[in-house]
Amino acid sequence: MTSRSEMSVQPFSIPYDPCDVEDVMRRLECSRLSPSSPYREWNAGTPRELLEEAINFNNYKCKVKGTEIHFIHERTSAEERVPLLLIHGWPGSVFEFNQLIPLLTKDQNGKGFEVVAPSLPGYAWSGKPDKEGMDVFAIADLFDTLMQNLGYSQYVVQGGDWGGIIARALGRKHHTSCVGLHVNFLVCTPPPVTGIGSLWFNIRYISTLLLAPLLMNRKDAQKVSDTKSFLREGTGYQWIQGHGLNDSPAGLLSWLLEKFYSWSDSMPNDPFRSVSLDDILTHVMIYWTTQTISSSMNLYYESLAVMRTKPLALSSGYIDVPTAVAEFPREIIQTPKCVVRRCYNLQEYTVYHHGGHFPALEQPQLLAEDIRRFYFNRTTFKNLLRLAEKRSRVGSRVLPPMDMIDLFSLSAVVVFILYFCIG
């Protein structure tokens, strides 16, 4: 691990080069846009102030385990301070947190967060990985080391999209330093069967999935149906993203526009009601000027087994770190509460009526309030530290607490065994 004395943290200014805008304009003039495209107005250019919004924060760069990491580090004046690692996903960037960070660092009743928001490796101003292996576990290791070297030996996490998946990996691998999880996107995966314990976990997990329709109301059933539709029809991008987007600003805009529209709480007659066109253009320009759209996609190859040469690299099993979930209605993957309990030490599960995959952009006030409520009201940092100390002594729980579904599952297993033994 890099020691604090070895890690040189340097202030970093978001670069702006007028030549980048001129190059975009030149390429757009030569673009062959579809005659039916409704987005020709982007030919008017991208104003400088869109990128300047990201300059309002304290930006830094440092090398962590050989990888250059860009991060925002904003402190609070509050007396009660909680260090918060804020992790973005794709196709976003740290700019997603432009409105959220001030809400979190604000001194509210003497409480506030010390926010560290890094750019993922291969995204924006962080370095591009120069070798294979930068999956969610490797990024979790990098971010834990970053927090340690910034002086935060223990901290809490908030994440969505890849940020939520990396948060889960932190809860798995660094459960004594990562003491609390707050996610607005989560993926529940059972562990591979390697023994009696993992076999029983899988039986409980599968039983929950089979019985979930009986435990859900109509709204939850619709969410599961929507998730199945997304997995069946909306994940093609994970396989077909390529280098061509790095060469065409119009192509990049078209690709990201579709994602920000279809994954947010927008409507056909008002496509920018949830995520503004300015916010989308800012993300497009961040990817364009840093030439990271291709490297940002490497995480799908590294972690989601989209190619047979790579195994699935998602943290599986039960996460014992206390967890809160904020569920927004237009999220692309939604997991029933009964299933979440199988995979997380779930303390809070809040359902909202507006918002989608990008709540930091769509509903920053709601998201900030939810984060504050969990870490300052539902629990406290001192309590999370006490639980982490207990985990360091006795180890993390590897199976969720028993409930009625487990009793049903156990009874079914006993009947199954007796049937074959007697038969």
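Colleague: Which residue is the bridge partner of leucine 84 in E5?
Modeller: Valine 115 is the partner of leucine 84. Keep in mind that this is a predicted model. The strands involved are E4 (residues 80–87) and E5 (residues 111–118), which pair over 6 bridges in the parallel sense.
Colleague: What packs on the sheet there, touching E4 and E5?
Modeller: Helix H4, residues 136–149, does. Strands E2, E3 and E6 are also touched by H4, and the helix direction makes about 55° with that of E3.
Colleague: And which strands does helix H5 lie across?
Modeller: Helix H5 (residues 162–173) lies across E4, E6, E7, E8 and E9, and runs at about 155° to E7.
Colleague: What is the strand order in the sheet?
Modeller: The order is E1-E2-E3-E5-E4-E6-E7-E8-E9, in an open sheet of 9 strands with mixed pairing.
Colleague: How does E1 pair with E2?
Modeller: In the antiparallel sense, over 2 bridges. Proline 11 stands opposite tyrosine 60 of E2.
Colleague: What about E2 and E3, parallel or antiparallel?
Modeller: Antiparallel, over 6 bridges, with lysine 61 opposite histidine 70 in E3. Their hairpin has 2 residues between the strands, and lysine 65 takes a positive phi near 50° there.
Colleague: Changing topic: how many disulfides does the structure hold?
Modeller: The structure holds 0 disulfides.
Colleague: Is cysteine 62 buried or exposed?
Modeller: Cysteine 62 is buried, because its relative accessible area of 4% is under the 20% cut-off. Cysteine 178 also counts as buried, at 0%.

How values were computed
Residues numbered from 1 in each chain as written. Predicted model: local features only at pLDDT ≥ 70, side-chain atom pairs only at ≥ 80, totals over all residues. Heavy atoms only, no water. Disulfide = S-S within 2.5 Å. Buried < 20%, exposed > 50% of the residue type's maximum accessible area, 1.4 Å probe, protein only. Pairing = 2+ DSSP bridges. Helix = DSSP H or I, 4+ residues; strand = E, 2+ residues; numbered from the N terminus. Contact = heavy atoms within 4.5 Å. Axes fitted to C-alpha atoms, helices over the stretch in contact; angles between N-to-C directions.
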